[in-house]
Amino acid sequence: MKALAGTGALVRLILRRDRFILPLWVILLALIVISIPGTLADLFPSAAERRAYLDVISANPALGAVYGPAFGSSLGALTAWRLGGTVIFVGLATLLTVVRHTRAEEEAGRRELLGSTAVGRQAPLFAALLVAFGASLALGILTALGLAAYGLPVAGSVAFGLSWVAFGCLFAAVAAVAAQLTEGARAARGLALAVFGVCLLLRVAGDAGKTDWLSWASPLGWVPRVRPFAGEQWWVFALFSGAILVLAVAALALSARRDLGAGFLPARPGRATASPSLRGPFGLTWRLQRGSLLAWVLGFAVFGGVFGGVTRTATQVAGASPRIRAVVESLGGSSGLVDAWFSTLVGLLGIVAAGYAVGAALRMRGEEADGRIEPMLAAAVSRSRWAASHLVFAVFGPALLMAVAGLAAGLAYGLSTEDVGHDLPRVLGAALAQLPAVWVLAGVAVAFFGVLPRLAAPVGWTALVACVLLQVFGRPLQLSDRVLDLSPFEHLPRLPGGEVSAAPLVWLVAIAAALVAAGLVAFRRRDVP
């Protein structure tokens with residue numbers, strides 16, 4: 001018990017530090033789950049329509065790769081299938097939460113300060129796991145109550161909620177082990193995300209090729225095989241429980257046997273002399289940002305290629321239902337169902353790319369808060385030059401992501417229609433048209449970094465979340481046009497197929513440039529802590 005002394009106080013500290021972001025992702029994911037049954041009920045009101053829909057999705061390997069297998073045609077079973085890909089966000093949220101409050105705290109030196117007080121050696125790790133487990137449980141309870149309140153069977157609702165709880169807890173434990181093996185927060189996140197990526201690839205390969213043993217080899221494959229609303233298999237939770245217990249115990253055992261600040265995987269020694277590329281700030285920034293940028297590029301390429309490949313099937317399913325056609329066309333594009341599909345797809349990718357842009361812009365604040373900016377500015381490097389090296393990634397990084405996604409989606413769809421020359425430029429142009437709105441959100445982060453640096457991260461991420469909520473729930477809730485216009489994405493043309501007006505795009509670019517200029521001017525004049 002001495003090793004766990006102070007756990008309660010640390011839990012309260014973590015909850016206070018994450019008092020905004022923790023409830024945000026829990027509530028947002030719960031709202032997404034609760035909104036799906038109503039949408040599917042409107043699109044497929046009869047059992048015959050749902051059965052026909054199940055036949056189409058079961059026959060398409062690409063849809064199986066994206067969402068996983070479907071085990072029934074009831075409203076609840078289709079809801080569970082449609083949310084099959086969303087569960088990855090639960091695992092990512094708990095994974096990042098644990099690394100943030102374990103290895104990142106240790107790397108920043110705050111763990112050593114806590115160790116000098118009446119806090120046990122295992123208390124920080126145990127507290128981080130408790131918070132991640134508690135957040136997963138809260139999400140599971142909200143989703144189960146929401147699905148049951150809609151009228152879906154209670155047993156299936158509970159099974160669905162528990163599957164999300166188990167998945168979140170499992171990858172919290174994976175992150176806890178990764179934090180003990182590595183010597184830095186970035187390495188811990190990289191190792192945990194690599195494990196996550198392998199699990200995702202196994203699940204995708206198994207479900208696309210209908211190879212059950214591959215799917216069972218991944219925890220992501222266990223989630224749909226709980227089979228909510230389709231004859232629940234409760235014994236699958238024994239797999240989750242065993243894996244969580246083994247990983248959590250292993251993390252605590254490793255934590256007790258290593259030195260503070262050390263890891264079991266030794267860090268690779270660097271070169272004796274720096275490479276020529278590190279002579280300037282851009283080379284250093286490239287070294288810091290290249291890993292995340294390359295990972296994002298790969299993700300956008302895969303996402304664009306997969307969804308471009310399933311476009312023909314998706315539009316055939318939509319064309320068979322007047323309700324789906326009306327919904328999809330209301331989301332974007334008015335010149336055909338394929339255009340509406342791609343308009344919705346690039347809109348989603350644009351919001352995700354904005355997340356990368358905000359993170360890249362806020363990297364400046366992270367460098368400043370960690371004290372790494374002073375040595376740079378003490379050399380022959382101006383503030384403007386240092387900031388510009390980071391802004392390159394905030395501006396051109398999203399452009400690269402959207403270009404890669406547009407090329408992959410347009411090429412995949414063009415190959416399926418045997419008309420690449422016509423389809424690829426249209427999809428690529430639609431993807432690149434999202435950039436002005438993405439740059440506005442990056443500009444907000446840069447402006448607050450210069451003027452009020454302590455608020456840069458909260459305001460930047462809050463602006464992004466607000467845009468997500470407005471885009472997803474704005475029209476269903478029938479919000480006024482003035483409220484919807486607060487999102488820069490609302491002013492973009494609905495491409496491909498829609499009319500293009502240069503004025504909104506020019507205004508968005510001008511606003512983004514003004515925000516960046518204001519942030520840089522304020523940064524040059526304020527003190528660097």
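This is a predicted model: local features need pLDDT of at least 70, side-chain atom pairs count only at pLDDT 80 or more; totals for chains, interfaces and linings use all residues.

Student: Let us begin with a single residue. Is threonine 143 buried or exposed?

Tutor: Burial is judged from relative accessible area, and a residue counts as buried under 20%. Threonine 143 has a relative accessible area of 0%, so it is buried. The residue belongs to helix α9, which covers residues 123–150.

Student: What lies around threonine 143?

Tutor: Apart from neighbours within four places in sequence, threonine 143 is in contact with Ala30, Val33 and Gly161.

Student: How many salt bridges does the whole structure contain?

Tutor: The general idea is that side chains of opposite charge can pair when their charged atoms come close. A search of the whole structure finds 10 salt bridges. One of them joins glutamate 368 and arginine 365, with the closest N and O atoms 3.5 Å apart.

Student: Where do glutamate 368 and arginine 365 lie?

Tutor: Both are in helix α18 (residues 337–369), three residues apart, which is about one turn of the helix. Glutamate 368 is buried, and arginine 365 is buried as well.

Student: What is the N to O distance between arginine 372 and glutamate 367?

Tutor: The side chains of arginine 372 and glutamate 367 form a salt bridge at 3.0 Å, N to O. Glutamate 367 has 6% relative accessibility and therefore counts as buried. Arginine 372, with a relative accessible area of 40%, is partly exposed.

Student: Which of these terms, buried or partly exposed, applies to glutamate 490?

Tutor: Glutamate 490 is buried, because its relative accessible area is 15%. Its side chain meets that of arginine 494 in a salt bridge of 3.7 Å, N to O. Arginine 494 is partly exposed, with a relative accessible area of 29%. Elsewhere, salt bridges that share partners join Arg103, Glu106 and Arg258 into one network.

Student: I turn now to the nonpolar core. Which residues of the largest nonpolar core touch the most other members?

Tutor: In soluble globular proteins, nonpolar side chains tend to be buried together. Here the largest nonpolar core has 129 residues, and Trp164, Phe240, Trp386 and Phe489 touch the most other members. With residues up to four places away in sequence set aside, phenylalanine 240 touches Ala166, Phe167, Leu170, Pro219, Trp222 and Val223.

Student: How many residues of helix α5 are buried?

Tutor: Helix α5, residues 75–82, has seven of its eight residues buried and is thus mostly covered. Among the buried residues are Leu75, Leu78 and Trp81.

Student: How should I read the packing of two helices? At what angle do helix α6 and helix α10 pack?

Tutor: One considers the angle, the separation of the axes and the residues that meet. Helix α6 (residues 87–100) packs against helix α10 (residues 154–181) at about 35°, and their axes are 8 Å apart. The crossing of α6 past α10 is right-handed. The residues that meet include Val87, Gly91 and Leu95 in α6, and Trp164, Gly168 and Ala172 in α10.

Student: What does alanine 357 touch?

Tutor: Not counting residues up to four places away in sequence, alanine 357 touches Ala394, Pro398, Val438 and Ala442. Alanine 357 lies in helix α18 and, at 0% relative accessibility, counts as buried. The C-alpha atoms of alanine 357 and alanine 399 are 9.6 Å apart, while 42 residues separate the two along the chain.

Student: Finally, which residues are joined by a cis peptide bond?

Tutor: Most residues other than glycine have a negative phi, and most peptide bonds are trans. A cis peptide bond, with omega about -5°, joins leucine 495 and proline 496. Proline 496 is in the loop between α24 (481–484) and α25 (502–525).

Student: And what is the phi of arginine 227?

Tutor: Arginine 227 has a positive phi of about 60°, although it is not a glycine. Phenylalanine 229 likewise is not a glycine, and its phi is positive at about 65°. Arginine 227 lies in the loop between α13 (219–222) and α14 (236–257), and phenylalanine 229 is in the loop between α13 and α14. Arginine 227 is partly exposed at 25% relative accessibility, whereas phenylalanine 229 counts as buried at 12%.

Definitions and conventions:
Residues are numbered from 1 along each chain as its sequence is written. Side-chain values use heavy atoms; hydrogens and water are left out. Helices (H or I, at least four residues) and strands (E, at least two) are DSSP runs, numbered from the N terminus. Buried means under 20% relative accessible area, exposed over 50%, partly exposed in between (1.4 Å probe, protein chains only). Contact means heavy atoms within 4.5 Å. A salt bridge is a side-chain nitrogen of Lys or Arg within 4 Å of a carboxyl oxygen of Asp or Glu. A nonpolar core is a set of buried Ala, Val, Leu, Ile, Met, Phe, Trp, Tyr and Cys residues joined through side-chain atoms within 4.5 Å. Axes are lines fitted to C-alpha atoms, for helices over the stretch in contact, and angles run from 0 to 180 degrees between N-to-C directions. A crossing is left-handed if the near helix is turned anticlockwise from the far one by less than a right angle, and right-handed if clockwise.
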